[in-house]
Amino acid sequence: MSTKIKLVVIGNGPVGHKFLESLVDSGKSEDYEVTVFGEEPIPAYDRVHLTSWFKTQDVKDINMVSDGFYPNNNFTLHTGDKVTKIDRFKKVVVSENGVSVCYDKIILATGSFPFVPPVPGHQRDNIFVYRTIEDLEKITAAAKTGKVGAVIGGGLLGLEAAKALKNLDLETHVIEFAPRLMAVQIDDGGGQMLRKKIQDLGVSVHTQKNTQNIGDGDSTVHKMSFADGEELETDIIVFSAGIRPRDELARQAGLGMGARGGVVINNNCLTSDADIYAIGEVALWDNKIYGLIAPGNAMAQAAVDHLTQTGTSEFAGADMSTKLKLMGVDVASIGDAHGTTPNCRSYTYVNDREEVYKKIVVSEDDKYLLGAVLIGDAAEYGSLLQFMLNKMELPSEPEGLILPSVDGSSTGIGVDALPDSAVLCSCMNVSKADVIDAVQAGACDMAAIKSCTKAATGCGGCTALVTQVLNNELEKNGVEVNTDLCQHFAYTRQDLYNIIRVEKIKSFEELLAKHDSTSGMGLGCDICKPTAASIFASCWNEHIIDKKLHGLQDTNDYYMGNMQKDGTYSVVPRVAGGEITPEKLIVLGKVAKEFNLYTKITGGQRVDLFGARSEQLPAIWKILVDAGFETGHAYGKSLRTVKSCVGSTWCRYGVQDSMAMAILLENRYKGLRSPHKLKMAVSGCTRECAEAQSKDLGIIATENGWNMYVCGNGGMKPRHADLFAADLDDVTLIKYIDRLFMFYIRTADRLQRTSVWMDNMEGGLEYLKSVIIDDKLGLNSELEREMANVIDSYQCEWKTTIEDPEKLKRFTHFVNSKAQDDNIIFTTERQQIRPALASEKLATETV
Amino acid sequence: MTQTNKNTTANKDDWLSICQLDDILPNMGCCALVNTADEQAKQIAIFRIISPTGEEQLFAVDNYCPFSHANIISRGIVGDLNNKIVVASPLYKQHFELSSGQCLEDESVFLNSYAVRLNGSTVELALSPLAKQQQKKA
Ligand SMILES: Cc1cc2nc3c(=O)[nH]c(=O)nc-3n(C[C@H](O)[C@H](O)[C@H](O)COP(=O)(O)OP(=O)(O)OC[C@H]3O[C@@H](n4cnc5c(N)ncnc54)[C@H](O)[C@@H]3O)c2cc1C
Ligand code: SF4
Ligand code: FES
């Protein structure tokens, strides 16, 4: 017999789902019998990131529901079932599939729908909207046969849709009724600059175009006719002409409505019926609909607080400032972007060469920021927003905030001046205090802050500011944000790399003499020596145990094997792509047998031989090198393996020769030394048998070429790789990899895997794309040249070593004896050796 | 290896000749095998440090790493930390001061250190602390 309160949630979009999460967080969810209806066939997904569905076309990537969320909390979820009626007298809701549920309370989170103006012809086939995964599926299917696509509406979502069409390889047009793009958020000057930039990207922009008819095209599916007599032929049309609240249920139930739609709510998100709340894009607060996720989330919280009486938050309006990247172009709008406040002043900075437009709107007395528009470079977004939100006094001559600084100093906000309550990340509602708490609890880099506060995981617009607060806080805690590499070098790894490269420094002595911060008295240490060695290798690629370099190497590099816990080493020859002839396999077996080595197949598709004493290494490698093996660099911070499946040669599903590509790549990048190890994989089709998305660089074959994924990781902190570019041909793929690896080598911190490198990079994936694909920094030819040098100077380190008697001398265990280390003792387990335990060693000694 | 001296037996103050200076590469270590007074074989890591001003220094400590229980100290990277000349154990990277054998990360742990000198071009080692320990035990 249940005395629980019957709660029905209508709509399972991002806000409806956020409500449920907040309900669970309140600790009161067990007091409720919860039933959820969602019209869409799948549970809540992240609509803000809808466009990223194209990457993998896998809903999992934008799924919002953690595993087992509904069953674990005893929530009943009806997907693919639309509520058709709320009976407020019987207190029952009825669904299309015939489910009827009694309720005590209702949460209405039905969101909105795209408005399609009733232009004649708007109901033809091949005309779409851009709101749900189903829409995207339909657009993708249509793009297979179409050549041209047009988006009606040049607002924020329209431009996002245009980007999607462009990525689907359509000739893309944007049709806007107003005289400029994003008319709501940005001013005229900004609109012009945005238009220029978007056209540079190959999208045609048509403003002041009023579509009057859609009919049959001559050479395409449709012909659009405009009021000014012009026409446009296109195969696909996407309407993005604004959104309207899905308020039909509320209207039918007789709830209080706004004149132009929307369900009226108060600060607790209650509608005119005290048992019905409305949240998200269906709700009308103070005569405003909020078409952004952050206000929706705030409403969800306010509703939970009021319903469960566990909190006091109210919805009190929200700031509509936005920052986004449209087709790689930074666009930001803050507050009164149009400068409509009486007597306000504005300052504008326009740079036609770099295509940057910035404007700030300030109060009459220059004291407070009222609004801003940033196009092409939105680096100041975070600090400008804080100036406005917290009503902080501006510096005198506020124009300095958007002028490029001549001396490199920044006139941004001092984060100390921000109040603790300042919301740094509006997407995830993370305040300065939250970030500070996270730092106190031990988070000390951006990756940690992201995972424990969720800050900067939405639109990413707040990354720079959150980073500043983080660093500031660390500094205050006496964790000096010392980016010095070590006591010897007051530089970051990146600085040191540039110094070595530019000054052509080739030895550690020279580096110390010129740049040691201990004024030439230091010897270096186990941090800076291997770091310098790795940089020398990336830049000059000399033999790692060359006389001037060997003392810098970690023991693994010095002995060219991985030291195991008992002081023995492992031997791992390269088996490119995992392809090996029977003859070579037999050689491996023979060597293992002759030297009694423990033998195991690795995850990188090769064979690992364990238990070699240092003095045995040369003899073992002599046999291997003579049989045609090369070192596998399993010991180095360098390219490890390129894992592969057999691909189209053998597999019935394969669409490209993944095997050949893997071998080519492994041979190209073998020996490349980098800040940390690098792993790659190539799969022959989307079934992804080589698990490429868990690698630093993953490649998946497509019908048309290769999809390139970057910065994935297995291991301790698994991270799925991000799609970087699609359908590449061989040459472009290799170019991108050359550049990306070299850029990583140039800019990463010591021992920083690619995943953390990218997560800590301001602008993340998009920035990386702009550098590697669009050559934003003008570096690419240099990066390619540097990579070519490394590839050309490759040598098998073991081959060179066994040919040099001087080098071979150092492998003996004792300087004064040919004896062996008697502390290395093995026992047998499963027919192979393993290091003896301490107790076992004692036993053998007493025998 | 210019010399093998498997049968060297050490008395308290004996200087044992180990190898030629050139057998040890600058700013690196090597491992010597010596027999102690009670005929036990002992592994000792000897380091040759050349300061930036060109001064030669030799140090000798146990080769056995108390953290990893493996004979590997001689293969560590040498350097200086807080003005102390140290070696970093190659497995778990603890630092030991070469002159005293003291572990910088854990005060209670140290390596025995030994007297070592250059006699002409020959590196010589004395096992005094070892002898002391033997006496204590007895
Ligand atoms: C392409 C795109 C990009 C965007 N980018 C951003 C951005 O960068 N930043 C930002 O802040 N916002 C962005 N938005 C807006 C953001 O996605 C919305 O603010 C958010 O989705 C609103 O959530 P909601 O739950 O209120 O509504 P919705 O997401 O519309 O969800 C409502 C759900 O309820 C279902 N439903 C409706 N009626 C019924 C019924 N009668 N019975 C059962 N179920 C019903 C609907 O099918 C839908 O699944 C973007 C939107 C799109 C489309
Ligand atoms: S990834 Fe594709 S081609 Fe490769 S083995 Fe799997 S199914 Fe075959
Ligand atoms: S403001 Fe969008 S992620 Fe922080």
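The legends below describe close-up views of a predicted model.

**View 1. Helices H10 and H12 of chain A pack against each other.** Helix H10, which covers residues 432-440 of chain A, packs on helix H12, residues 463-476 of chain A, at an angle of about 45°, and their axes are 10 Å apart. That angle makes H10(A) oblique to H12(A), and the crossing of the two helices is right-handed. From H10(A), the residues Lys432(A), Val435(A), Ile436(A), Val439(A) and Gln440(A) take part, and they meet Val466(A), Val469(A), Leu470(A), Glu473(A) and Leu474(A) of H12(A). Sorted by class, the residues of this contact between H10(A) and H12(A) are seven nonpolar, one polar and two charged.

**View 2. Helices H13 and H20 of chain A cross.** Here helix H13 (residues 493-502 of chain A) packs with helix H20 (residues 730-747 of chain A) at an angle of about 105°, with 7 Å between their axes. Because angles from 65 to 115 degrees count as roughly perpendicular, H13(A) and H20(A) are described as roughly perpendicular to each other. On the side of H13(A) the contact is made by Arg493(A), Gln494(A), Tyr497(A), Asn498(A) and Arg501(A), while on the side of H20(A) it is made by Met742(A), Ile745(A), Arg746(A) and Thr747(A). The residues in this contact of H13(A) with H20(A) divide into three nonpolar, three polar and three charged.

**View 3. Chain B meets chain A at an interface.** In this view, 41 residues of chain B are in contact with 38 residues of chain A. The size of an interface is often given as the accessible area lost when the parts come together. For chain B and chain A the buried area is about 3,200 Å², and carbon and sulfur atoms give 58% of it. Across this interface of chain B and chain A there is one salt bridge. The side chains of Lys93(B) and Asp554(A) form a salt bridge, with a distance of 3.0 Å from N to O.

**View 4. A salt bridge joins Glu666 and Arg574 of chain A.** Over all chains of the model, the count of salt bridges comes to 49. In the pair shown here, the side chains of Glu666(A) and Arg574(A) meet at 2.7 Å, N to O.

How values were computed
Residues numbered from 1 in each chain as written. Chains lettered and ligands numbered in written order. Predicted model: local features only at pLDDT ≥ 70, side-chain atom pairs only at ≥ 80, totals over all residues. Heavy atoms only, no water. Axes fitted to C-alpha atoms, helices over the stretch in contact; angles between N-to-C directions. Helix = DSSP H or I, 4+ residues; strand = E, 2+ residues; numbered from the N terminus. Parallel < 35°, antiparallel > 145°, perpendicular 65-115°, else oblique. Left-handed = near helix turned anticlockwise from the far one by under 90°. Contact = heavy atoms within 4.5 Å. Nonpolar A, V, L, I, M, F, W, Y, C, P; charged D, E, K, R; others polar. Buried area = accessible area lost by both parts, 1.4 Å probe. Salt bridge = Lys/Arg side-chain N within 4 Å of Asp/Glu carboxyl O.
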